[in-house]
Amino acid sequence: MLAGKRILLIIGGGIAAYKSLELIRLYQKAGASVVPVLTRAAEQFVTPLSASALAGEKVYRDLFDLTDEAEMGHIELSRAADLVVVAPATADLMAKMAGGLANDLASTLLMATDKRVLIAPAMNVRMWDHAATRRNLATLLSDGVLTVGPDEGDMACGEFGFGRMAEPPAIVAATEAAFGGEALSGPLSGRHVLVTSGPTHEPIDPVRYIANRSSGAQGSAIGGALARLGARVSFVTGPTAIAPPHGVEVIAVETAAEMLAAVEGALPADAAVFAAAVADWRVLRESTSKVKKAPGEGPPPLELAENPDILASVARRNETRPTLVVGFAAETDDVIANATAKRARKGCDWILANDVSPGTGIMGGSENAVTLITEAGAESWPRMGKVAVAERLAARIAAALGEVAA
Ligand code: CTP
């Protein structure tokens with residue numbers, strides 16, 4: 001899948017940089033060519049000579065190198081690649097990318113490129129958890145930057161947690177997915193999976209609407225993970241700032257009613273995952289003109305009507321009920337008890353329950369801590385990145401459908 005591809009590999013200055021040498025080797029084994037770019041800080045961890053020797057290519061390091069600019073200017077360098085990979089993506093590099101800085105070769109290439117960018121973050125757990133990194137990551141995701149990792153584990157600094165760079169084989173797999181070479185022969189090939197994602201917007205008048213805080217990050221990660229396992233994915237999404245996953249069919253909607261119609265239109269499916277945060281209510285009589293403030297009259301009364309429950313309506317179908325129906329339960333209290341009751345009430349097979357209390361940082365964050373509730377009981381998964389949750393769920397769906405003939 002990577003044969004003949006040209007990858008611009010930006011190596012940031014972190015202890016994980018040594019793994020990038022292994023990454024160069026794996027890319028080459030897969031038939032890709034690698035042009036390495038080292039930041040000043042990266043040179044403290046790996047030498048330009050080793051990167052160049054492994055890549056069999058010139059290593060680029062300086063924005064103002066006259067020889068390099070004469071041979072291939074930085075704009076050309078940023079465009080000659082098929083994909084830009086940043087590994088390790090340090091907190092500093094992520095901040096520069098999110099802020100649009102261009103004060104060295106690496107950051108300038110990242111600003112100048114017209115190609116997709118995949119980052120493999122690596123940093124200390126505190127730095128990963130820092131509010132600034134959270135903000136930067138959210139910005140990068142909404143800019144359409146692809147991410148892989150980080151993993152949880154022991155760190156070079158002696159601490160434990162999220163921040164270890166993804167292992168080189170995982171970065172290669174993410175690179176293949178970025179090329180849209182989703183594993184057509186994966187365990188979900190021949191399967192159709194429906195995913196709902198994001199919030200819904202329920203109009204009050206032409207300029208105002210009711211919505212919620214869903215970013216769509218978890219639903220998007222699930223759509224991408226299912227596609228990487230070979231599924232044909234119908235991805236029904238409410239309005240979000242996040243780029244939809246690669247390799248799915250995107251059906252963009254605004255309201256719950258539109259989402260229900262899109263879901264019905266996409267059936268039949270082998271499995272359906274309802275990750276959308278559907279507004280429970282809509283305004284009964286949407287005003288076609290802007291509601292004005294009238295002096296002395298106070299706020300306008302808003303009469304609400306209940307929205308259709310999309311998950312329940314699909315789970316309760318006799319015909320065209322997907323074999324596996326998965327819902328989410330975003331709760332703030334008695335998470336497992338509420339989610340178990342919700343599973344029974346809505347008639348779905350599995351529920352992924354999560355605690356979205358303000359202190360958890362899950363709503364709008366990049367991590368999730370879920371409990372999978374099935375007929376067999378509750379299974380709590382450790383807190384992990386939303387992409388990791390998605391990959392685990394996709395693997396479970398593949399295993400469950402694998403037991404049913406295609
Ligand atoms: N859901 C749906 N259609 C709705 C409301 C919810 O498809 N109108 C789906 C969501 O996508 C999610 C699950 O139902 O998979 C749970 O949604 P949640 O909002 O947590 O549950 P509610 O039904 O709103 O229950 P409650 O307000 O009591 O928490």
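Predicted model: local features only at pLDDT ≥ 70, side-chain atom pairs only at ≥ 80, totals over all residues.
## Helices α1 and α9

Start with α1 (residues 17–29) and α9 (residues 168–178), whose axes come within 9 Å and cross at roughly 50°. Angles from 65 to 115 degrees would be roughly perpendicular and those under 35 roughly parallel, so this pair counts as oblique. The crossing itself is right-handed.

Who does the touching? On the α1 side, Lys19, Glu22, Leu23, Leu26 and Tyr27 make the contact, and on the α9 side Pro168, Pro169, Ile171, Val172 and Thr175. Sorted by class, that gives seven nonpolar residues, one polar and two charged.

## Helices α10 and α14

The next pair is α10 (residues 217–228) with α14 (residues 386–402), packed at about 45° with axes 8 Å apart. That angle makes α10 and α14 oblique to each other too, and their crossing is right-handed.

From α10, the contact takes in Ala217, Gln218, Ala221, Ile222, Ala225, Leu226 and Arg228. Facing them from α14 are Lys386, Val387, Val389, Ala390, Glu391, Leu393, Ala394 and Ile397. The class count for this contact is eleven nonpolar, one polar and three charged residues.

## Around the ligand

The ligand has 14 residues around it, and the ones that come nearest are Phe274, Ala276, Phe328, Lys342 and Lys346. Lys346 also shows up with a polar side-chain atom 2.6 Å from a ligand oxygen.

A polar backbone atom of Pro308 sits 2.8 Å from a ligand nitrogen, and one of Ile310 is 3.0 Å from a nitrogen atom of the ligand.

Most peptide bonds are trans, and most residues other than glycine have a negative phi.

Ala87 and Pro88 are joined by a cis peptide bond, with omega about -5°; Pro88 belongs to strand β3 (residues 83–89). Leu267 and Pro268 are also linked in cis, with omega about 5°, but Pro268 is found in the loop between α11 (256–266) and β13 (271–274).

Then there's Thr320, a non-glycine residue with a positive phi, near 50°. You'll find Thr320 in the loop that runs between α12 (310–315) and β16 (324–331).

Terms used
Residues numbered from 1 in each chain as written. Heavy atoms only, no water. Axes fitted to C-alpha atoms, helices over the stretch in contact; angles between N-to-C directions. Helix = DSSP H or I, 4+ residues; strand = E, 2+ residues; numbered from the N terminus. Parallel < 35°, antiparallel > 145°, perpendicular 65-115°, else oblique. Left-handed = near helix turned anticlockwise from the far one by under 90°. Contact = heavy atoms within 4.5 Å. Nonpolar A, V, L, I, M, F, W, Y, C, P; charged D, E, K, R; others polar. Near = heavy atom within 4 Å. Polar contact = N/O pair within 3.5 Å; in protein donor to acceptor, adjacent residues only side chain to side chain.
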